[in-house]
Amino acid sequence: MAKTKQKKYDKTFRFCTRLHLRILTGLKAHNIQEFLGLLKKVPGSAIYFHTHHHLQQHEYLSPEPPNDFAHWITSSLGDPALGERLASIDTIEHSTIRSLRNNIIKTIEEYIKENKATKDRFTSPNRAFHFIKCVSFVIPTPYVAKDLRSFLGILNKITADSLYFHLFEARLRLNKGGNDFSWWLESSLLEGDLAEKVKALDPYTYTMEKLRMKIIGLVKERIKK
Amino acid sequence: MTRLERYEEVVGKNKIEELKLIAKYLKGKTIQHINSTAKGGGVAEILQRILPLLQELGINAQWDVIKGRQDFYDVTKSFHNALHGKKVKITKKMYETFDEVSCDNIEHMNLYGDIMFIHDPQPIELIKRKKDLKNSKWIWRCHVDVSQPDKKVWGFLERSMNQYDAAIFSSAQFSHSMKTKQVLICPSIDPFSDKNREVTQKEIDTVLNKYKIDPGAKPIICQISRYDALKDPVGVIKAYKLVKKYIDCQLLLVGNRAADDPETDKIYKQVKEAAGNDPDVHALLVEDIPYEINVFARVSSVIVQKSIREGFALTVSEALWKGKPVVASAVGGIPLQITHKYGGLLCHSIEGCAFAIKQLLNAPEYAKKLGENGKEHVRQNFLLTRHLREYMLLFLSLYSKEDVVSL
């Protein structure tokens, strides 16, 4: 994280980008029991990947497709009711991967208790669920904001990956509350109100480009005042 | 204009800047690619396109080819078929031939890369030289569908695979439980190749005149694929007939003759029989001329890929890149390229295929939206620049064991 590398009194914000490399774990599930068992033991980066990669890979789609778990249970295992429960888990309520994983596990376990027939469902080998994890590379970009105006200019130029890094990765994967933007706006620029508005955005309900425009709108509004 | 600058027009300046940012960390590294042929086939094609870009980014990317002989290539062709899951008899003598030629290459090849990038099974045993190249990292790139491989051949190759630092597969379905780190990197298309670039009106007219196709007469449903049972061209004709009951349209099947595929004539005959005397079915057996394929796709209203089994099916990305609505079977790498109802329609049967085609022909606005979404999905995920980025990230990952790498 660039922020931690900055000098103590440096109030600038260096934009970083993060890029993923997908690693195949070789672990696969054909039924809900296998799936649940693996869900408990795969690395956190696999949970992160399957609940977030759609946001980045389909950044232009609205609404975004559900997470991979919900999608597989609905379309391959043929249990849309359970799929819907998983799709509607409120990701933003979880500030850690562990908490998100536990919620997914709990949701499935409770559902199976009520719906025993789900245990009998299985898929053909070519529709098995393959667990994938990711390695993230965090790379500092040359873009540095020192005030609201330069922040606004850079927001227009950075990649969706950079935006994604500061909004999602920092918040969830690196166990931080809020996001990098709200943290910097509040602590360095003392823009508490704007920081609260940025923090209050639910990034999971926007496409990346719409999210970019939303933040740009909030910053522009603040500059006008 | 440099090669990379041309790509800026397609993917945006910031994506190219991103490639330059990553490449900075690989300056001075030599990447030596090794495969079995300098010309022909998908591997050579992708290397020809990727290497100049890596070099432009300041990475010393080189490419060498192993030496083989006919009996060795016969064996590796059998390996290839066995890895695809076909029943093939591999004799002890064949394994010996493979080892013998591999030993020759191990002994005589000049290996010099910091990162050795070995493609497909033919040169896989070069890994035996790993200990001679101090601090070298070794990658094995599997371009084959190994979802259901012949266990004996897989086991034979796995001894070598497990000595690599990483193995790359094109789909999660091809992964196995194995010691080596397995990386998922999908193939890609080049927007500037003759198969994908913009075509001129003159080129379109030339091709349409040559094959006597009139897209203005009736909407065209098109499948571009080899005449292979696994591509199900007869199934496409059946789907077309179901559509034709309600919508006046024409069907264009375009396939070339693969030199190593003895079944082409048999399947083509079946296609002609299934088409009967319908003047609206154009089943073309063509030479592999990339810009003609490009034109066929661009004049079509709906593109179909009704395969029964697929490796990755880049034909889908090629169609989507032209902004065309696509109906394709949910097999192999196709669901990675099409998100159902967002970037195209997936199907599981002839009837499902026909239903999806009817939906698209009857709702041109919906079809247009799917085509636009599909094109954006390809822009983000299946162009050469993404492929390049993932290769470079893989190179960097070889020097770290962490899940989060701060550069």
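Modeller: Over all chains of this predicted model, the count of disulfides comes to 0. Take B:Cys222: the closest cysteine sulfur is in B:Cys353, 12 Å away, which is too far for a bond. B:Cys353 has a cysteine sulfur at 4.4 Å, that of B:Cys347, and is in no disulfide either, because a disulfide needs the two sulfur atoms within 2.5 Å. B:Cys222 counts as buried, with 0% relative accessibility, and B:Cys353 is also buried, at 0%.

Next, helix 4 of chain B. It covers residues 70-83, 14 residues in total, and its first and last C-alpha lie 20 Å apart, close to the expected 20 Å. Its buried residues include B:Phe72, B:Val75, B:Phe79 and B:Leu83. Among the elements that cover the buried residues of this helix are helix 5 (92-108) and helix 6 (151-161) of chain B. Just after helix 4, B:Gly85 has a positive phi of about 100°.

Last, the interface with chain A. Here 40 residues of chain B are in contact with 38 of chain A. About 3400 Å² is buried between the two chains, and carbon and sulfur atoms give 59% of that area. There are 3 salt bridges across the interface; one of them joins the side chains of B:Glu390 and A:Arg22, at 3.6 Å from N to O. The number of residue pairs in polar contact is 13. On the chain B side, the elements that each supply at least two touching residues include helix 2 (13-24), helix 14 (364-381) and helix 15 (384-397), together with strand 6 (181-184) and strand 13 (404-406).

Definitions and conventions
Residues are numbered from 1 along each chain as its sequence is written. Chains are lettered from A and ligands numbered from 1 in the order in which they are written. This is a predicted model: local features need pLDDT of at least 70, side-chain atom pairs count only at pLDDT 80 or more; totals for chains, interfaces and linings use all residues. Side-chain values use heavy atoms; hydrogens and water are left out. Helices (H or I, at least four residues) and strands (E, at least two) are DSSP runs, numbered from the N terminus. The expected span of a helix is 1.5 Å times one less than its number of residues. Buried means under 20% relative accessible area, exposed over 50%, partly exposed in between (1.4 Å probe, protein chains only). Contact means heavy atoms within 4.5 Å. Buried area is the accessible area (1.4 Å probe) that two parts lose on being put together, summed over both. A salt bridge is a side-chain nitrogen of Lys or Arg within 4 Å of a carboxyl oxygen of Asp or Glu. A polar contact is a pair of N or O atoms within 3.5 Å; within protein, one must be able to donate a hydrogen and the other to accept it, and residues adjacent in sequence count only if both atoms are side-chain atoms.
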